[in-house]
Amino acid sequence: MTELEQMKAGACARIDAAQDLAALEALRVEFLGKQGSISGLLKTLGKMSPEERQEKAPKIQALRQDVADALAARKAAMEEAELEQRLAQETLDLSLPAPDMPRGTVHPVSQVMDELAEIFADLGFSVATGPEIEDDWYNFTALNMPESHPARAMHDTFYFPDQAPRGGRMLLRTHTSPVQIRTMTEKGAPVRIIAPGRVYRSDSDATHTPMFHQIEGLVIDRDIHLGHLKWTLETFLKAFFEREDIVLRLRPSYFPFTEPSVEVDVGFAIENGKRVLGGSGDEPGHGWMELLGSGMVNRRVIEFSGLDPDEWQGFAFGLGVDRLAMLKYGMDDLRAFFDGDVRWLQHYGFSPFDQPTLSGGVGARA
């Protein structure tokens, strides 16, 4: 038997005879530590001739690997024996990890919906819902879009052949604005609601899908003005993106259900190939990105809801939930939201325990 074989046999015998983990660790240091016997053999390779090193190096490396494997196997056996002993003595071991079970994830859209509800609840808004199959009156006419109004051309609508009770046709709602009309009609004023939900338009590309999600906000009260609208949007966006440097720019625009109407732009910069909101769009390296539409509720809309526009006024705003999720969590293709790809959901999805809170962060991940 060669000298290396004798070292291996002696080391393995001592390893097998070790009685506890402390003794096993001492043997590891003795053999494989910086000053260990086998480590010393490896150091001698540098003093050998190339021919001698070529002959002995593989054998010494094999010895080191065999001893390391023996140490690992003995440690695993000791730990298993210790666990078996504890299991035999303990009636219930709550320290054992739970079995690894397949887990689903919360879709980013659902997570963002919860985040929005959390933020607006803190601002005193309640959540209102309405049917996804609407009639022509709620979806268009009551929002100041009569049958001849050119604004209807803005919407690629899915119509049903059924006749609506008020005339016109039934359809898949193109926005959640009908919820505003239903709420004012049923509950009167004052009103402070958000209306999240699914909407439908005949459109499909990387940033549009036939079905998507919107959230609209409505405030109806006395003496409401554009300053209230801007403050609400600034407070909401700062809380949602969890940044204090959100800067808004309001531009005059046109929507049939608001007057005056404003488009809301947000300052952003490109960081690592992604749009990151924050800062003024007029700063060097920044730009402005259109994010949502808003304005003061049109007098005719208030009249259609059965309220007196001389007594009540308010503001409304609307934006896409899917787009908010894309901006906040770095997604670049809206179609992936609805593909059902498990890999995408595992990557972008949230744990059911990631409940958004204003104290812990609305977008906090586990």
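User: In which helix do Glu25 and Arg28 both lie?
Analyst: This is a predicted model in which local features need pLDDT of at least 70 and side-chain atom pairs count only at pLDDT 80 or more, while totals for chains, interfaces and linings use all residues. Residues are numbered from 1 along each chain as its sequence is written, and side-chain values use heavy atoms, with hydrogens and water left out. Helices (H or I, at least four residues) and strands (E, at least two) are DSSP runs, numbered from the N terminus. Glu25 and Arg28 are 3 residues apart, about one turn of the helix, and both belong to residues 21-32, helix H2.

User: How far apart are N and O in the salt bridge between Glu25 and Arg28?
Analyst: Side chains of opposite charge can pair when their charged atoms come close. A salt bridge here is a side-chain nitrogen of Lys or Arg within 4 Å of a carboxyl oxygen of Asp or Glu. The side chains of Glu25 and Arg28 meet in such a bridge, with an N to O distance of 2.8 Å.

User: Are Glu25 and Arg28 buried, partly exposed or exposed?
Analyst: Buried means under 20% relative accessible area, exposed over 50%, and partly exposed in between (1.4 Å probe, protein chains only). Glu25 has a relative accessible area of 37%, so Glu25 is partly exposed. Arg28 is at 35%, so Arg28 also counts as partly exposed.

User: How many residues apart in sequence are the parts that Lys328 and Glu115 tie together?
Analyst: Lys328 forms a salt bridge with Glu115, the closest N and O atoms being 2.9 Å apart. Lys328 lies in helix H10 (residues 321-329) and Glu115 in helix H5 (residues 108-122), so the parts tied together are separated in sequence by 213 residues.

User: Are Lys328 and Glu115 buried or exposed?
Analyst: Lys328 and Glu115 are the two residues of a salt bridge. Both Lys328 and Glu115 are buried.

User: Which residue forms a salt bridge with Arg299, and where does that residue lie?
Analyst: The closest N and O atoms of this salt bridge are 3.2 Å apart, and the partner of Arg299 is Asp310. Arg299 lies in helix H9 (residues 299-304) and Asp310 in a loop, so the pair ties together parts 11 residues apart in sequence. Arg299 is partly exposed, with a relative accessible area of 44%, whereas Asp310 is exposed at 64%. The partner is thus Asp310, in the loop between H9 and S11.

User: How many salt bridges does the structure hold?
Analyst: Among the linked residues are Arg249, Arg251, Asp265 and Glu290, which form a network of salt bridges. For the structure, the number of salt bridges is 16.

User: At which residue of H4 does the kink lie?
Analyst: H4 covers residues 50-89. Its 40 residues reach 58 Å from first C-alpha to last, close to the 58 Å expected at 1.5 Å a residue (the expected span is 1.5 Å times one less than the number of residues). The bend at a residue is the angle between axes fitted to the seven residues ending there and the seven starting there. The kink in H4 is about 35° and comes shortly before the proline Pro58, at Lys56.

User: Which residues of H4 are buried?
Analyst: Leu83, also in H4, is at 32% relative accessibility and so counts as partly exposed. The buried residues of H4 are Ala57, Ile60, Leu63, Val67, Ala70, Leu71 and Met78.

User: Which residue of S11 is the bridge partner of Glu216?
Analyst: Two strands pair if DSSP finds at least two bridges between them. Strand S5 (residues 191-200) runs antiparallel to S6 and is joined to S6 by 10 bridges, with Ala195 opposite Glu216. S6 also pairs in the antiparallel sense with strand S11 (residues 313-320), over 8 bridges. In S11, the partner of Glu216 is Gly318.

User: How many of the residues of strand S6 are buried?
Analyst: S6 spans residues 211-221 and is mostly covered. Of its 11 residues, the number buried is 9.

User: Which residue does a cis peptide bond join to Pro260?
Analyst: Pro260 lies in strand S8 (residues 258-271). Omega of the cis bond is about 0°, and the residue joined to Pro260 is Glu259.

User: What is the phi of Asn272?
Analyst: Asn272 sits in the loop between S8 and strand S9 (274-277) and is exposed, with a relative accessible area of 83%. Phi is positive, in a residue other than glycine, and is near 55°.
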